[in-house]
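Hello,

Here is the structure I promised to pass on. Please have a look, then read the notes below.

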Amino acid sequence: MSVEAEAGFKAVELGATQDPEQDKPDAQLPVTTEKSEDPHLSSGVKPGDKINMLEQYKLRRFFVLRPGALDQAIEDIKSLVDKHQDGSIQSVWLMAEVDHWNNEKERIVLITDNSLLICKYDFMMLNCEQMQRVPLNFIDRVCHGEFTFPQRSLMSREGEGLRVYWDRLREPTFTSRWNPFTTDYPFCTFTSHPVKDASEKFAAICELQHFREQLVQAAQKAHEWKPVPGKANGVLVLNQSILIETYVGLMSFIGNQNKLGYCLARGNIGF
């Protein structure tokens, strides 16, 4: 594998200011502009609906549900897309990434002609802090199914996930497995964002199955357009359980219970 290809997998810190006049690719995104300032609609709750008040409160704490926050995030990230390297944007998704220590992290994911872009966005400061670029023609396997843990693990996770592999010949090293901050894993894992049931708009942009279908289709096209020498061209799609190799996971339990990987209103701090 060339040095240029390996560099595409590493997370890139986005501290530099982008040129506001940079060409922005046009794309049909699975989101619509919020036109109503109704507090019920902004939190995904329609007037007259019967909903648990605790769940309603929990949803309103997510900054991504604030009016205009998601649209602003998409516009900011679109300006960072390299049209020559990534091509045009095909779709934008709101996902939760699950790392190898079972920590959930809020992510905006873009599928372009040539790349899968995984973005860490701060919905409070309205700033894209990090972007990971994965060339679509390097994706060789996509697995979807229930989450599982080792036999003696104390951890558990409900729901389904999606794992995307881009280097089947490279296994994580011993140090990477025990480093919670490592970024050199040859795969990434996604699950549905907690706000997926907030409204029809968020149900569409958080739909895991549709995301998988579009990702596989885009990766297959990328393999046809730009085949990689020495790699089997094509994407293998498997319906199997997704293993997360953690045993105790106290840090992830605390973090996931308190949604530390999301931009959330935490309440007043002080006296």
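Some terms before the findings. Helices (H or I, at least four residues) and strands (E, at least two) are DSSP runs, numbered from the N terminus. Two strands pair if DSSP finds at least two bridges between them.

This is a predicted model: local features need pLDDT of at least 70, side-chain atom pairs count only at pLDDT 80 or more, and totals for chains, interfaces and linings use all residues. Residues are numbered from 1 along each chain as its sequence is written, and side-chain values use heavy atoms, with hydrogens and water left out.

Start with the strands. Strand 2 (89-98) and strand 3 (104-112) run antiparallel, joined by nine bridges. Val98 sits opposite Glu104 of strand 3. Five residues lie between the two strands in their hairpin, and there Asn102 has a positive phi near 70 degrees.

Strand 3 also pairs with strand 4, again antiparallel, over four bridges. Leu110 has Leu117 in strand 4 as its bridge partner. This hairpin has two residues between its strands.

Next, burial. Buried means under 20% relative accessible area, exposed over 50%, and partly exposed in between (1.4 Å probe, protein chains only). Strand 3 is largely enclosed by the rest of the structure, because eight of its nine residues are buried.

Helix 4 (residues 69-78) is largely enclosed too, because seven of its 10 residues are buried. Among them are Leu70, Ile74 and Ile77. What covers them? The cover includes strands 2, 3, 4 and 5, plus helix 7 (200-205).

Best wishes

Notes
Contact means heavy atoms within 4.5 Å.
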